[in-house]
Amino acid sequence: MTENISTLTPEIIGTWRLGFFLGMLILMACLEQLFPCRARLVSRTVRWANNLGLVFVNSALMRLIIPVSLIWFADYATNHHWGLFNVLDIPFIVSFTLSLIILDMAIYFQHRLFHLVPLFWRLHRLHHTDLDYDVTTGLRFHPVEILLSMAIKFALVAALGAPGLAVLVFEIVLNGMAIFNHANLKMPAPLDSFLRLFVITPDVHRVHHSYKPSEFNSNFGFNLSCWDRLFGTYRAQPEAGHQDMIIGLDKFRDPSEARIDKMLSQPFRS
């Protein structure tokens, strides 16, 4: 693949992204079935039907409201010399690497912002009100939050002049890691200890889904684990342990809240 991806059609890019997404989803769903960390509290059929249904709603709305992909936009910005990296005319490998690092850090701070600002938290808390924790939890976001997140990424890509290839790789990695670190997967302790030095593992991110504020306000990273350590939000383990910790929040615990209509209306209810 070359530095410029404008020769790739949206169909090819879409196929790649969908292929990586489905491959990772199927792989982690199989692994968490074989090596589960926690017993399920809610029917998988009910949760999966509604959580995946929300993915289809979000995808349809995104296509309708923002028909231009972030990857195409990044390539367009590069071709028109927008953004810091294009003004400085730095080597591709440098802009590629810095784009991946800066975009990942931006997701970390965006996540913290959505916990800090009450209006944003009303949107983001949907992600936290899932009473179980598995691969579909990583896909459970309110469409308004998805739109806000995309707006932030569009602005950052334009300001940086991030190469289209870097944005494509980042989007694939972000989606894949969100599925991986939300998996209900029991990893061998030595493997988890090694991996968490570099990336967010399921045990690291599961702490973030505890009902305790001191725990769900920690471990904000989705990919690289360095940001939580660097900015003082890292928490190694939940106080009650992974088997006994309570997933979700102290509100919206009725099983009916797993329905897609309830999820969509949740930000507008107290």
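Before looking for cores I wrote down the rule: a nonpolar core is a set of buried Ala, Val, Leu, Ile, Met, Phe, Trp, Tyr and Cys residues joined through side-chain atoms within 4.5 Å. Buried means under 20% relative accessible area, exposed over 50%, and partly exposed in between, with a 1.4 Å probe and protein chains only.

I also noted that this is a predicted model, where local features need pLDDT of at least 70 and side-chain atom pairs count only at pLDDT 80 or more, while totals for chains, interfaces and linings use all residues. Residues are numbered from 1 along each chain as its sequence is written, and side-chain values use heavy atoms, with hydrogens and water left out.

**Entry 1: cores**

I looked up the largest nonpolar core and found 22 residues in it. Leu70, Val157, Val167 and Phe222 have the most contacts inside this core. H3, H5, H7 and H8 each supply at least two of its residues, and H8 gives the most, with six. Helices (H or I, at least four residues) and strands (E, at least two) are DSSP runs, numbered from the N terminus.

I noted a second, separate core of 13 residues, which includes Leu25, Ala29, Leu139 and Leu185.

I then picked Val157 and listed its contacts (heavy atoms within 4.5 Å). Leaving out residues up to four places away in sequence, Val157 touches Leu70, Phe73, Ala74, Leu103, Ala162 and Val167.

I did likewise for Ser99, which is found in helix H5. Ser99 counts as buried because its relative accessibility is 0%. With residues up to four places away again left out, Ser99 touches Phe85, Ala162, Pro163 and Ala166.

**Entry 2: the largest pocket**

On a 1 Å grid over the protein atoms alone, a pocket is an open set of points where a 1.4 Å probe fits, with protein on both sides within 12 Å along at least five of seven lines; lining residues have an atom within 4 Å of a point. Grid points are joined across faces, edges and corners, and a volume is the space filled by probe spheres set on the points.

I read off a volume of about 1,700 Å³ for the largest pocket. It is lined by 44 residues, and the closest to its centre are Arg17, Ser59, Met62, Glu171 and Asn175. H1 (10–34) is one of the helices that supply at least two lining residues each, and H1 gives the most, with eight.

I sorted the lining by class: 27 nonpolar, eleven polar and six charged residues. Ala, Val, Leu, Ile, Met, Phe, Trp, Tyr, Cys and Pro count as nonpolar, Asp, Glu, Lys and Arg as charged, and the others, Gly among them, as polar.

**Entry 3: salt bridges**

A salt bridge is a side-chain nitrogen of Lys or Arg within 4 Å of a carboxyl oxygen of Asp or Glu. I counted 14 by this rule.

Which residues does Glu171 pair with? One is Arg17, at 3.4 Å from N to O. Glu171 is in helix H8 and Arg17 in helix H1, 154 residues apart. Glu171 is buried at 5% relative accessible area, whereas Arg17 is partly exposed at 27%.

Glu171 also forms a salt bridge with Lys153, with the closest N and O atoms 3.0 Å apart. Lys153 lies in helix H7, so this pair ties together parts that are 18 residues apart in sequence. Lys153 is buried too, at 9%.

Last, I noted a salt bridge between Asp192 and Arg196 at 2.9 Å, and both residues are buried. I also found a network of salt bridges linking Glu32, Arg40, Arg44, Arg47, Asp130, Asp134 and Arg140.
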